[in-house]
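Morning, everyone. Please have the model open on your screens while I go through a few spots in it.

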Amino acid sequence: MSAPPTTSRDSWRPWVRSAAAAYLLTTFGFTLARVDGDSMNPTLDSGDVLVLLKYPRWLRAWGLGGPYPRRGDLLIFKAPADSPYAFETQYGLRHRQYNVKRVVALPGDTVAIRDGRVVVNGRTLAENYASEGFVDDQPALRVPAGKVWVMGDNRRIGESLDSRVYGPVDLRDVAGPADLRLWPRPGLIPR
């Protein structure tokens, strides 16, 4: 007994299944993100490759899952659209680029910078991941619902465009957390 002859439609089925699986995995599961710039020094270097987890964002959108995001998470997000720093032009195309920064304050938290230190809900954060440098003081601000306050670990003035410049980031603009480095030093990134 011989196998039935294959049709041209049958030969495409594995490709379609593979493409559908890849789409679902990278849309709802995870993907890779490459760091470009020095705003996360000393924690991350330009060229580091991170694993961006997308499923926490989707679980939150669907009302499922645990706390997300958490203070100390590294988030990949787009800057607020009304910020002059939200868009860039590459190869003649204008688009909102993705950024990676650390979550410093969550919705409902009060955040301030006093004497170069970040103060959340009246307590100074112990930030052993942040660089030494000069940080301008900022008055206390309550983070609105559905938003987070993010900062780069490189705290020197002018080294990181973050919530100090463009304000809180809307959770709708967040792709997900990226607390795992794949390259060049694989492992979890300290919080």
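I start with a definition: a salt bridge is a side-chain nitrogen of Lys or Arg within 4 Å of a carboxyl oxygen of Asp or Glu. For charges, Lys and Arg count as positive, Asp and Glu as negative, and His and the chain ends are not counted. Buried means under 20% relative accessible area, exposed means over 50%, and partly exposed is in between, with a 1.4 Å probe and protein chains only.

Two words on the source. This is a predicted model, where local features need pLDDT of at least 70 and side-chain atom pairs count only at pLDDT 80 or more, while totals for chains, interfaces and linings use all residues. Residues are numbered from 1 along each chain as its sequence is written, and side-chain values use heavy atoms, with hydrogens and water left out.

Now K101, in strand β6, residues 98–105. Strands here are DSSP runs of E with at least two residues, numbered from the N terminus. K101 is buried but has no salt bridge. Which side chain of opposite charge is nearest to K101? That is D162, 5.6 Å away. The side chain of K101 does have a polar contact of 2.7 Å with the side chain of S39, and at 3.5 Å it reaches the backbone oxygen of L161. A polar contact is a pair of N or O atoms within 3.5 Å; within protein, one must be able to donate a hydrogen and the other to accept it, and residues adjacent in sequence count only if both atoms are side-chain atoms.

Next, a sheet. Two strands pair if DSSP finds at least two bridges between them. Four strands form an open sheet in the order β9-β8-β7-β10, with antiparallel pairing. Its edge strands, β9 (123–124) and β10 (138–142), each pair on one side only. Strand β7, residues 110–114, is joined to β10 by three bridges, and T110 has R142 in β10 as its bridge partner.

In the loop between β9 and β10 sits V135. Is V135 buried or exposed? Buried, because its relative accessible area is 15%. V135 touches I113, G116, R155, I157 and R164, leaving aside residues up to four places away in sequence; contact means heavy atoms within 4.5 Å. V135 and R156 are 21 residues apart in sequence, yet 6.1 Å apart in space, C-alpha to C-alpha.

Last, β14, residues 180–183: three bridges join it to β2, residues 49–53, in antiparallel fashion. β14 also forms a hairpin with β15, with three residues between them.
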